[in-house]
Amino acid sequence: MSALKGFQKSYLRGIAHNRKPIVQIGKEGLVSGVIQSVNDGLLRHELIKVRFISFEDKEHKEGLAAELAAKTDSMRIGMIGHTLILYKRHTDPKKRRIHVPLSACEEA
């Protein structure tokens with residue numbers, strides 16, 4: 001899937017609203033276990049939340065978020081406070097749980 005448009009990101013943020021973070025990143029940063037947990041979560045759920053713990057510096061969080069999205073080949077949907085939302089469409093069409101609308105007036 002190519003870059004998502006604004007209405008598609010908004011749609012995904014709406015889905016993510018009631019979800020709990022499934023991965024937490026502490027002061028150790030992006031260790032291999034964190035990256036593997038994010039990959040597993042994206043494979044299982046397609047849309048996940050990642051919580052940053054003990055990070056007060058916004059630029060540091062932004063850098064880690066960009067690095068995590070790149071290392072997991074996922075798309076950053078947004079970050080609110082200490083919570084990052086990532087999306088990665090499942091490669092198998094039969095296992096896709098989330099169907100992102102292609103146009104703003106389409107219902108998913």
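Predicted model: local features only at pLDDT ≥ 70, side-chain atom pairs only at ≥ 80, totals over all residues.

Start with the helices. Two packed helices are described by the angle between their axes and the distance between the axes. Here, helix α2, residues 32-45, packs against helix α3, residues 58-72, at an angle of about 60°. Their axes are 10 Å apart, and the crossing is right-handed. On the α2 side, the contact is made by I35, V38, N39 and L42. On the α3 side, L68, K71 and T72 make it. Sorted by class, that contact has 4 nonpolar, 2 polar and 1 charged residues.

Now the salt bridges. How many does the structure hold? There are 2.

One of them involves K71, which also belongs to the contact with α2. K71 forms a salt bridge with E67, with the closest N and O atoms 3.0 Å apart. Both sit in helix α3, and because they are 4 residues apart there, about one helical turn separates them. K71 has 45% relative accessibility, so it counts as partly exposed. E67, with a relative accessible area of 34%, is partly exposed.

Next, R76 and E62. Their side chains meet in a salt bridge at 2.8 Å, N to O. This pair links distant parts of the chain: R76 is in strand β3, residues 75-80, and E62 is in helix α3, 14 residues apart. Buried or exposed, or in between: where does R76 fall? R76 is at 28% relative accessibility and therefore counts as partly exposed. E62 is at 28% and counts as partly exposed.

That is the end of my part.

Technical notes
Residues numbered from 1 in each chain as written. Heavy atoms only, no water. Axes fitted to C-alpha atoms, helices over the stretch in contact; angles between N-to-C directions. Helix = DSSP H or I, 4+ residues; strand = E, 2+ residues; numbered from the N terminus. Left-handed = near helix turned anticlockwise from the far one by under 90°. Contact = heavy atoms within 4.5 Å. Nonpolar A, V, L, I, M, F, W, Y, C, P; charged D, E, K, R; others polar. Salt bridge = Lys/Arg side-chain N within 4 Å of Asp/Glu carboxyl O. Buried < 20%, exposed > 50% of the residue type's maximum accessible area, 1.4 Å probe, protein only.
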